[in-house]
Amino acid sequence: MTHSMYRIGCPVVLAHRGGMGSAPENTRAAVAQMLATGVRTLETDVRETSDGVAVLAHDETLQRRFGDPRPVSEVTWWELDLMRDVDDQPALRLVDLLAEFPDVGINIDVKSDGAVTPTLRAVREAGAAARVCLTSFSSERLDVMARLTRGRTALGAGAADVARLVARARGLTELPGADAVGRAWGRGAGGRRRRCVAARCRSRSSTAGCGW
C-alpha cells in the first residue's frame, strides 16, 4: 500500500521536531514557522501522559522545556496543559496537531511502548492514517504497531531492518539481532580512510561492509 505522503515522487523534506528553529520545538508556533517556508511535512515525537494522552514531547522528562523534573508519563494532561515553557508556549496533544493542520504530513517518532495506544487512538480519531508515518528506534515497537494498524498507516524502517538492508546491499549475510546502525570511518588497505557501516548488535558489536 502506498500512502499519500509518499506519492509525490521525490524526496520528502521533514521539519525536525515540528519545525523547531526560532520557535520552540513541537509547538504550534514551530509548525506555523514551517508552513511559512513552504515545507508541508514534519517530524515530531510523541510520549504519553499518566492518563493516556499522546503529547508532543522529545525528552523523557519535562525538565528541559518546562523546568519540571518529572517524566511526561507521570503527569496528567490537565497538569501538563497548565505548564508554559520559557517562550510561553504550551504542550500540544497529537490529536490537536492532526486536527489543526489537516494538510500536513507527519512522521511520528513513538518514543515509548506506553505511547503506542494513545498515538494510534489520536491518529484514528483525526482520520489521519493516510498522512502519517509511524517510526521508532525500537524494532519491537514497530512490530507491535504493524500488527495493530494492519497496513492502514505507513511505518518507518527499524534499525534492524536498516542493518539487514545494508548487509544485503553489500552482498553480506543478514545481521541477526542488530538494533542500531551508524556510519563510521576506519583505515583500509594502505592506510586509506574507508567508510563502513557499523551494526551494533544486542549481544556484541561488529562491523559490516568495510571491505578490509
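Student: Which residue's side chain makes a polar contact with the side chain of glutamate 25?
Tutor: This is a predicted model, in which local features need pLDDT of at least 70 and side-chain atom pairs count only at pLDDT 80 or more, while totals for chains, interfaces and linings use all residues. Residues are numbered from 1 along each chain as its sequence is written, and side-chain values use heavy atoms, with hydrogens and water left out. A polar contact is a pair of N or O atoms within 3.5 Å, where within protein one must be able to donate a hydrogen and the other to accept it, and residues adjacent in sequence count only if both atoms are side-chain atoms. For glutamate 25 the contact is at 2.8 Å, and the partner is arginine 64.

Student: Is glutamate 25 buried or exposed?
Tutor: Glutamate 25 lies in the segment before H1, where helices (H or I, at least four residues) and strands (E, at least two) are DSSP runs numbered from the N terminus. Leaving aside residues up to four places away in sequence, glutamate 25 touches Arg17, Met20, His58, Arg64 and Arg65, a contact being heavy atoms within 4.5 Å. Buried means under 20% relative accessible area, exposed over 50% and partly exposed in between, with a 1.4 Å probe and protein chains only. Because its relative accessible area is 8%, glutamate 25 is buried.

Student: In what order do the five strands of the open sheet lie?
Tutor: Two strands pair if DSSP finds at least two bridges between them. E1 and E5 run parallel and share six bridges, E5 and E6 are also parallel, with four, and E6 pairs with E7 in the parallel sense over two. At the edges stand E2 and E7, each pairing on one side only. Although these named pairs are parallel, the pairing in the sheet is described as mixed, and the order is E2-E1-E5-E6-E7.

Student: How many of the residues of E5 are buried?
Tutor: Gly105, Asn107 and Asp109 point one way from E5, whereas Ile106, Ile108 and Val110 point the other way, and all are buried. In a regular strand the side chains alternate between the two faces of the sheet. E5 is therefore largely enclosed by the rest of the structure, the number of its buried residues being six of six.

Student: What angle does the direction of H5 make with that of E5?
Tutor: H5 packs on the sheet and touches E1, E2, E5 and E6, and its buried residues include Val116, Leu120 and Val123. Axes are lines fitted to C-alpha atoms, for helices over the stretch in contact, and angles run from 0 to 180 degrees between N-to-C directions. Whereas H6, lying across E5, E6 and E7, runs at about 140° to E6, the angle of H5 with E5 is about 165°.

Student: Which residues touch the most other members of the largest nonpolar core?
Tutor: A nonpolar core is a set of buried Ala, Val, Leu, Ile, Met, Phe, Trp, Tyr and Cys residues joined through side-chain atoms within 4.5 Å. Elements giving two or more residues to the core include H1, E1, H4 and E5. Leucine 94, for instance, touches Val46, Ala54, Val55, Leu56, Ile108, Thr119 and Ala122, not counting residues up to four places away in sequence. Of the 28 residues in this core, those touching the most other members are Leu94, Leu97, Ile106 and Ile108.
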